[in-house]
Amino acid sequence: MKAVRIYGEKDIRVEDVAIADPKDDEVQVKVAYCGICGSDLHAYLEGWGLPTVPNPLTGKTVPITLGHEFSGEVVKVGQDVSDLKIGDKVAIEPLLACGKCENCRKGDYNFCNNAVGPDGSGNFLGFSQDGGFAEFANVQGVFAHKLPEGLDIKLGAVAEPTAVVYEAVKRSGLREGQNVAVMGAGPIGLLMALLAKISGANNIYIVDVSEVRLQKAKELGIEKTLNPKEVDVNEEIRKELPNGVDITFECAGAQATFDTALKVTKRTGTLQVVALFGQDVSMNMTDDVIMQGINIITTLCYNNSFPAVLGIINNNQADFRKIITKEIGLDQALDEGIKALAEDKSQVKILVSPDL
């Protein structure tokens, strides 16, 4: 089959590779669509998250087939998988977990103690095990979630990034009627604002320096867009909400947006960190955090969320379709996909399909 393989930093190749039959606890999926994530970009530019020594759970090293945001159709079923059959349409939860360690046993399998390698290789398909930028993929049956009746298989590929922001909603304790700010209007920030809207947030502010991305937010029904190059974000929010917002979702991962997040969050409010940070951040812990009673909460991936997320997408298909901005084939995955996501601010979610 054809697959997009990464060998290391700035070394991606489209190759013909063999695929084995699925193991007893796996299914084989004919990939329909696979989304490109910012982490795929970091893997390409920096070699981030890739196994250079055998991953402790999978034993894999590079080269690896990229891609972890994918949907498809079951074409083979391992003998121990009883709840899926050939022809089922599925969205893939791409986590790797041992199922035996303390965190896995208590349901926090996104923090599996045995899945991350000594070199920092990620606990994901597409990083430490072959992923979805290919014609076929083998995945554990427990991580292949049947799509609800009527859900477009294309939107199944949006489930993984939506699960990321759904986890942030869960961790933050967002309740209907609360006011929120979203720092960053990239793919995760836009999905975060959309899910806050679906969750019943009252005022939703989204902050970015890109007018193109702020316009995309308006297309999603997020009217309160703020560009820090043009306005004082804290001042603008407090004109309407003198005490600040209840929850700020940090989806940009930069010192400047983290500083703004602290400013706009009300005393005793919540700063929910969603983004990964490429560099250290600093803060005045006493004056800006402790004395303000601000709760800083982090999140990583998701757990036990995909069925709920697929239901949310199914009930709001028109909005989630607006997240998809480009569809390409496997041969275009690098130049028109990964590189385009880095350079073109109009792109939100680029989908790769083996059928294109």
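Helices (H or I, at least four residues) and strands (E, at least two) are here DSSP runs, numbered from the N terminus. The structure is a predicted model, in which local features need pLDDT of at least 70 and side-chain atom pairs count only at pLDDT 80 or more, while totals for chains, interfaces and linings use all residues. Residues are numbered from 1 along each chain as its sequence is written, and side-chain values use heavy atoms, with hydrogens and water left out.

An unreviewed UniProt entry places the feature "domain: Alcohol dehydrogenase-like N-terminal" at residues 24–149; UniProt positions follow the numbering used here, feature names are shortened, and annotations may be inferred rather than shown by experiment.

Helix α1 spans residues 38–46, and its buried residues are Ser39, Asp40, Leu41, Ala43 and Tyr44. Buried means under 20% relative accessible area, exposed over 50%, and partly exposed in between (1.4 Å probe, protein chains only). The cover over these buried residues of α1 includes the strands β1 (2–8), β2 (11–16) and β3 (26–35), together with helix α12 (333–343). Just after α1, glycine 47 adopts a positive phi of about 75°.

The cysteines come next. A disulfide is a covalent bond between the sulfur atoms of two cysteines; the criterion applied is a pair of cysteine sulfur atoms within 2.5 Å. A search of the whole structure finds zero disulfides. Cysteine 37 takes part in none, and its nearest cysteine sulfur, that of cysteine 34, is 9.8 Å away. Cysteine 37 is buried, at a relative accessible area of 18%. The sulfur of cysteine 251 is too far from any other for a bond, because the closest cysteine sulfur, in cysteine 37, is 13 Å away. Cysteine 251 also counts as buried, at 12% relative accessibility.

Glutamine 272 lies in strand β13 (residues 265–273) and is buried at 0% relative accessibility. Its side chain reaches two backbone atoms: the nitrogen of serine 172 at 3.3 Å and the oxygen of isoleucine 297 at 3.3 Å. Beyond its neighbours within four places in sequence, glutamine 272 has contacts (heavy atoms within 4.5 Å) with residues including Ala168, Arg171, Phe249 and Thr298.

Charged side chains supply a further set of links. A salt bridge is a side-chain nitrogen of Lys or Arg within 4 Å of a carboxyl oxygen of Asp or Glu, and the structure holds 21 of them. One of these joins lysine 76 and aspartate 21 at 2.7 Å, N to O. This pair links distant parts of the chain, 55 residues apart: lysine 76 is in strand β5 (residues 69–77), and aspartate 21 is in the loop between β2 and β3. Lysine 76 is partly exposed at 33%, whereas aspartate 21 is exposed at 54%.

Other salt bridges lie within a helix. Lysine 216 and glutamate 219 meet at 3.1 Å, N to O, and both belong to helix α6 (residues 211–219), three residues apart, or about one turn of the helix. Lysine 216 is buried at 13%, whereas glutamate 219 is partly exposed at 39%. In helix α7 (residues 233–240), lysine 239 and glutamate 236 are likewise three residues apart, and their side chains meet at 2.9 Å, N to O. Finally, a network of salt bridges links Arg5, Glu15, Lys60 and Asp130.

Key:
Polar contact = N/O pair within 3.5 Å; in protein donor to acceptor, adjacent residues only side chain to side chain.
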